[in-house]
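Okay, thanks everyone, let's get going.

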Amino acid sequence: ESSTLRPEVLVMHGRRILTEAEQGKVPNNTASQGPYRTAIESFNRAIALAPHHPRAAPQAAFFIGRALRQSGKTTAARDQFTTAATRHYDTPEGILSGLEAAEVMLDLDQPEAAQQSLVQTIRRAGPPAQYANRWVSLDELRERIEAINTRLLAAHRYDLAVQLCFALPPMLPEDRALQLRAIAHEQWAQHLAHQAEQTPAGERGALRSRSRRHFRQAGVDCARLARLHYTQRRYPNDLWQSGRNFARGRDFQSAITLLRAYLDSEADNQRPLVMVTLGQALLS
């Protein structure tokens, strides 16, 4: 009882129970909350014994949130992860808590809060060269960030996805962040174009205008991407994506410039389609 290691032992004890529950060694359903309650009690005792312990306290706070999430108590898990991310922001557990908070917020249909939590998490994680986290590798963190971005797009929150892309570097390479932003603008434009087809004729003009604006922005982003990839194999495809989006956005002069640049390259994968699109742009 008097050991200075007791807080860490309590955390380890709770983690063992939680791991067994997650691996299906105990029933994982609403009617069987015993293992999760036992794990949370162990974590809470660790915090009560050493609320400022540099290792035990952040770990206990995070794993309480994990236990709540795994047991289906989503709202309580969100609150716990948010508290842990704020209180232990400069620890590996605090960074992971912010990431899990964003995922849980999306589960609760709270995309604005999710995006804000993720942006804060990215800032706290720091540059990749200095990143070190025993709980989540850099590759996994990047994958989960992109998964949240994908969920924002699926929820038609293109505005939040675009804002998120500005916060991604240097956690994600600049060209990947730019590519994700172009994708967001393109999907936003497609969504608006589809909406325009479903609305009365008198209201279509504004939606189509907004759609074309986002197509043009996607064209701008893809053109920037092409400059970054000038010496890479992806360069011609960036030119094609840029020219096509400019054409759909009715900026035909920019489309002509980018499509001709594609034809000047040695790529031929999309050459017939590029020539058709160029001809339509010239005709327009």
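Quick housekeeping. This is a predicted model, where local features need pLDDT of at least 70, side-chain atom pairs count only at pLDDT 80 or more, and totals for chains, interfaces and linings use all residues. Residues are numbered from 1 along each chain as its sequence is written, and side-chain values use heavy atoms, with hydrogens and water left out.

Back to A167, then. You'll find A167 in helix α8, residues 158-167. Helices here are DSSP runs of H or I with at least four residues, strands are E runs with at least two, and the numbering starts from the N terminus. Leaving aside residues up to four places away in sequence, A167 touches V119 and I122, where contact means heavy atoms within 4.5 Å. Q120 is 47 residues from A167 along the chain, and their C-alpha atoms are separated by 9.2 Å.

Now the packing. A nonpolar core here is a set of buried Ala, Val, Leu, Ile, Met, Phe, Trp, Tyr and Cys residues joined through side-chain atoms within 4.5 Å. The largest one has 57 residues, and the members that touch the most others are F43, L118, L141, I145 and L168. Helix α5, residues 92-107, gives this core its largest share, eight residues. Take L118: not counting residues up to four places away in sequence, L118 touches L99, A102, I145, I148 and L164. There's also a second, separate core of 16 residues, with A226, W240, I256 and A281 among them.

For contrast, go to S284, in the segment after α13. S284 counts as exposed, at 60% relative accessibility.

On to the aromatics. Searching the whole structure turns up six aromatic pairs. The rule: rings of Phe, Tyr and Trp (its six-membered ring) pair if their centres lie within 6.5 Å, and planes under 30 degrees apart are stacked, over 60 edge-to-face, the rest tilted. F62 and F81 make a tilted pair, 5.8 Å centre to centre with 40 degrees between the planes. That pair links distant parts of the chain, with F62 in helix α3 (residues 56-70) and F81 in helix α4 (residues 74-87), 19 residues apart. Both F62 and F81 are buried. Then there's Y230 with Y235: centres 5.1 Å apart and planes at 80 degrees, so that one is edge-to-face. Y230 counts as exposed at 56% relative accessibility, whereas Y235 counts as buried at 17%.

F43, F62, F63, F81 and W135 form one aromatic cluster. And R134 has its charged end over the ring of W135, 4.2 Å from the centre; the test is NZ of Lys or CZ of Arg within 6 Å of the ring centre and within 35 degrees of the ring normal.

Next, helix α11, residues 235-248. Its 14 residues should span 20 Å at 1.5 Å a residue, and the end C-alpha atoms are 20 Å apart, so that agrees. The expected span is 1.5 Å times one less than the number of residues. Eleven of those 14 residues are buried, so α11 is largely enclosed by the rest of the structure. What does the covering? Parts of the cover include α9 (174-197), α10 (201-228), α12 (252-264) and α13 (271-283). Just after α11, R250 takes a positive phi of about 65 degrees.

While we're on α10, look at D221, which sits in that helix. D221 counts as buried, at 0% relative accessibility. Its contacts, again not counting residues up to four places away in sequence, are L178, R181, A182 and H185.

C165 is buried, with a relative accessible area of 3%, and C222 counts as buried at 7%.

That's my tour, over to you.

Terms used:
Buried means under 20% relative accessible area, exposed over 50%, partly exposed in between (1.4 Å probe, protein chains only).
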